[in-house]
Amino acid sequence: MSSNVVKAASPLASAVTGAMELSVAQWLLVVCLVAFPLLYEWSVTFKYFCKMAFYNGWILTLAILAIPICAVRGRNVENMKVLRFMLLHIKYLYGIKIEVRGWENFNIKEPYVVVSNHQSSLDLLGMMEILPGRCVPIAKRELMYAGTAGLACWLAGVIFINRKKTDDAISVMSEAAETMLKEDVRVWVFPEGTRNHSGSLLAFKRGAFHLAVQAQVPVIPVVMSSYKDFYCKKEKKFTTGKCTVRILPGVSTRGLSPDDVPDLTDRVRGLMLDAFSQMSNERPGKEPGGGH
Ligand SMILES: CCCCCCCCCCCCCC(=O)SCCNC(=O)CCNC(=O)[C@H](O)C(C)(C)COP(=O)(O)OP(=O)(O)OC[C@H]1O[C@@H](n2cnc3c(N)ncnc32)[C@H](O)[C@@H]1OP(=O)(O)O
Ligand SMILES: CCCCCCCC/C=C\CCCCCCCC(=O)OC[C@@H](O)COP(=O)(O)O
């Protein structure tokens with residue numbers, strides 16, 4: 001009888017002894033494996049940091065794959081296609097539905113300058129969704145030093161500007177005007193010049209419009225709807241959601257001179273602000289015609 005009791009208790013006993021034999025590192029692993037999913041579901045903030053860390057980490061990792069493919073061509077705008085195809089799936093990983101309107105406005109053979117609003121690094125998703133052929137973004141110089149992503153950007157012909165040195169930035173953009181025409185390249189600029197998640201548009205810098213006037217090419221405004229429903233840096237919120245990207249009709253710059261740039265800038269910003277407000281009113285749960 002007593003030997004039976006000993007036998008019955010032995011699996012439990014050996015499990016307890018086994019558990020006690022776990023090293024500190026193994027215990028930590030067990031706690032992490034249990035705590036991580038619980039915390040992820042329970043804390044909106046924890047989820048936000050995990051999703052942002054993975055977003056950046058995944059881009060840096062994808063860049064490792066992109067670099068050797070792009071290196072075959074050397075620094076070349078055609079490499080932008082490689083980056084685009086590498087990044088297109090991220091919206092599925094994050095459950096972000098992107099609806100595009102106005103594709104027909106990109107049906108222009110000649111080069112043009114795309115200007116779009118800049119809410120966060122997530123803009124990369126909307127940008128890659130619609131990026132036209134032979135189109136490169138203008139980016140702050142700091143991005144060039146973002147490890148593998150910086151190198152991939154350089155190989156894809158991204159134009160880097162030093163925002164701290166206006167003269168340098170202007171001369172890089174003047175060079176870009178020549179390259180656009182000589183090499184049939186389109187340029188994507190964020191005229192707000194920095195990320196802005198205030199729910200509106202900042203004042204526009206004029207570089208993009210000088211560029212378009214110098215090259216005498218149209219400006220095509222692109223507006224991405226507010227991410228407010230699924231992403232907010234301040235509240236540390238990042239859920240799934242929907243974003244609408246609208247490509248507006250091109251604005252001609254033919255015959256315009258540098259003196260017309262302020263007016264052109266205001267006109268394009270006005271068009272984009274109208275579209276942005278309209279799209280904010282269309283957000284699910286909002287009455288059409290209601291406020292933001
Ligand atoms: C797999 C791996 C994938 C990796 C990811 C890949 C994707 C990466 C995507 C990356 C996305 C990254 C996204 C990003 O990184 S966004 C951040 C970087 N982008 C920008 O900043 C672009 C927008 N900025 C501008 O256009 C600015 O105007 C610049 C930078 C040019 C100067 O700004 P600054 O603040 O220094 O000066 P200012 O604007 O007060 O201008 C001063 C005066 O100069 C005049 N002026 C301006 N321009 C020109 C010109 N061309 N010819 C003649 N004149 C010109 C202008 O009218 C003004 O005069 P006035 O009017 O007051 O008399
Ligand atoms: C070994 C070195 C590791 C470095 C790690 C760097 C982490 C960065 C990782 C991945 C890069 C992701 C590419 C995201 C591209 C979007 C860039 C972006 O949105 O830049 C912001 C810029 O428009 C405006 O800048 P500010 O709002 O003025 O600030």
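Strands here are DSSP runs of E with at least two residues, helices are runs of H or I with at least four residues, and both are numbered from the N terminus. Two strands count as paired if DSSP finds at least two bridges between them.

Before going on, a word on what you're looking at: this is a predicted model, where local features need pLDDT of at least 70 and side-chain atom pairs count only at pLDDT 80 or more, while totals for chains, interfaces and linings use all residues. Residues are numbered from 1 along each chain as its sequence is written, chains are lettered from A and ligands numbered from 1 in the order in which they are written, and side-chain values use heavy atoms, with hydrogens and water left out.

Back to strand 6. What other strand does strand 6 join? Strand 2 (residues 113-116) is linked to strand 6 by four bridges, and this pair runs parallel. Have a look at Val-222: its bridge partner in strand 9 is Ile-247, and Val-222 is also the strand 6 partner of Ser-116.

Why is strand 6 largely enclosed by the rest of the structure? Six of the six residues in strand 6 (residues 219-224) are buried, so the strand is largely enclosed. Buried means under 20% relative accessible area, with exposed over 50% and partly exposed in between (1.4 Å probe, protein chains only). Val-219, Pro-221 and Val-223 point one way, Ile-220, Val-222 and Met-224 point the other way, and all are buried.

Now for ligand 1. It has 26 residues around it, and the closest are Lys-140, Thr-166, Lys-205, Arg-206 and His-210. To be in this shell, a residue needs a heavy atom within 4 Å of the ligand. There are polar contacts too, meaning pairs of N or O atoms within 3.5 Å. The side chain of Thr-166 puts an N or O atom 2.6 Å from an oxygen of ligand 1, and the side chain of Arg-206 also has one at 2.6 Å from a ligand oxygen. On its own, ligand 1 has 1,300 Å² of accessible area, and the protein covers 78% of that. Those areas come from the Shrake-Rupley method with a 1.4 Å probe. Helix 4 (79-87), strand 3 (135-140), helix 8 (166-183) and helix 9 (207-215) are the elements that give two or more residues to this shell.

Next comes ligand 2. The residues around ligand 2 include Asn-56, His-118, Lys-140, Thr-194 and Arg-195. Helix 3 (residues 44-71) gives the largest share of this shell, three residues. Which distances do the side chains reach? A polar side-chain atom of Lys-140 is 2.9 Å from an oxygen of ligand 2, one of Thr-194 is at 2.6 Å from a ligand oxygen, and an N or O atom in the Arg-195 side chain is at 2.7 Å. Ligand 2 taken alone exposes 770 Å², and the protein buries 65% of that.

Finally, the records. An unreviewed UniProt entry gives residues 112-227 the annotation "domain: Phospholipid/glycerol acyltransferase"; UniProt annotations may be inferred rather than shown by experiment. That span is 38% helix and 20% strand, with its end C-alpha atoms 27 Å apart.

Technical notes
Polar contact = N/O pair within 3.5 Å; in protein donor to acceptor, adjacent residues only side chain to side chain.
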